[in-house]
Amino acid sequence: MRLFLDTANVEEIRDLAWLIDGVTTNPSLVAKEKRPFEKVIKEICDLVDGPVSAEVTAMDADGMVTQARPLAALHKNVVIKVPMTENGLKAVQALAADGIRTNVTLVFSANQALLAAKCGASFVSPFVGRVDDVGGGGMDLVAEILETLQNYAFGTEVIVASVRHPRHVLEAALLGAEIATVPYTVLKQMFRHPLTDVGIERFLKDWEGVPKSGR
Ligand code: G3P
């Protein structure tokens, strides 16, 4: 399973660059950084050798393609994030024809994922946390998408997004999702277990009682 970091914060990415396989950003995450978009994307690409999603904000297909081309030209690892709309999928088709990879975002149904895959999306991003927020089953959505796409050879990979806690990542892995994109704080939590901390403390304390060799 590949783990992406869901952030536009370069410090967070630098800290975990040794571990992660890619990065996803979105307009809200970029806005938090208060820095020029293209500069942030370029810096991220220099830190991580894997797909880096940069989202278009135009709502018409031509506008999306026009925004996408210079973004894709920033670095070979840039993936264009496109919203799941009819126009978005027209843009995905056009970009796929030019060999530009896309990540269809804001996916909330398996039918949306199916259409995106048919149009040549490289990735689809179901938002599990936001489904859970409104009382739905985010992981049921992921299971349905995986089952649907596995029936065909689209070559579209599933990025489990809107991850809120470590359990989401584990459940994504148990379902065999190719990728989870994880906020920094959640990825940090995944390293830890209270019994690991207690165990280390006890080993170090007991070690103090071991006679030193004297050499
Ligand atoms: O990057 C898209 C997604 O991960 C956003 O998550 O927490 O705003 O629902 P969230």
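The ligand is surrounded by Asp6, Asn26, Lys81, Phe127, Arg130, Ala161, Ser162 and Arg164, where being near a molecule takes a heavy atom within 4 Å of it. This is a predicted model, in which local features need pLDDT of at least 70 and side-chain atom pairs pLDDT 80 or more, while totals for chains, interfaces and linings use all residues. Residues are numbered from 1 along each chain as its sequence is written, and side-chain values use heavy atoms, with hydrogens and water left out.

**Ligand contacts**

| Residue | Distance to a ligand oxygen |
|---|---|
| Lysine 81 | 3.2 Å |
| Arginine 130 | 2.6 Å |
| Serine 162 | 2.7 Å |

Serine 162 sits in the loop between strand S7 (157–160) and helix H9 (166–175). Helices (H or I, at least four residues) and strands (E, at least two) are DSSP runs, numbered from the N terminus. Serine 162 has 10% relative accessibility, so it counts as buried. Buried means under 20% relative accessible area, exposed over 50%, and partly exposed in between, with a 1.4 Å probe and protein chains only. From serine 162 to glycine 176 the C-alpha distance is 17 Å, for 14 residues in sequence.

**Strands**

In strand S3 (residues 52–55), Val52 and Ala54 point one way. Ser53 and Glu55 point the other way, and all are buried. Strand S2 (residues 22–24) runs parallel to S3, joined by 2 bridges. Pairing of two strands requires at least two DSSP bridges. Valine 23 has valine 52 of S3 as its bridge partner. S3 also runs parallel to strand S4 (residues 78–83), with 4 bridges. Here serine 53 stands opposite valine 79 in S4. The chain crosses from S3 to S4 through helix H4 (residues 61–74), and this β-α-β crossover is right-handed. That is, with the strands pointing away from the viewer, the path from the first strand over the helix to the second runs clockwise.

**Aromatic pairs**

The whole structure holds 3 aromatic pairs. Rings of Phe, Tyr and Trp (its six-membered ring) pair if their centres lie within 6.5 Å; planes under 30 degrees apart are stacked, over 60 edge-to-face and the rest tilted. One of the pairs joins phenylalanine 108 and phenylalanine 127: centres 5.8 Å apart, planes at 65°, so edge-to-face. Phenylalanine 108 lies between strand S5 (102–107) and helix H6 (110–118), and phenylalanine 127 between strand S6 (123–126) and helix H7 (128–133), so the pair ties together parts 19 residues apart in sequence. Phenylalanine 127 is buried at 7% relative accessible area. Phenylalanine 108 is partly exposed at 37%.

Tyrosine 152 and phenylalanine 154 have ring centres 5.5 Å apart and planes at 40°, so this pair is tilted. Tyrosine 152 is exposed at 52% relative accessibility. Phenylalanine 154 is partly exposed at 29%.

Threonine 7 is in the loop between strand S1 (2–6) and helix H1 (10–16). Threonine 7 is buried at 5% relative accessible area. Its side chain makes a polar contact of 2.7 Å with the side chain of glutamate 12.

H11 reaches 20 Å from first C-alpha to last, close to the 20 Å expected. The expected span is 1.5 Å times one less than the number of residues.

Definitions and conventions:
Polar contact = N/O pair within 3.5 Å; in protein donor to acceptor, adjacent residues only side chain to side chain.
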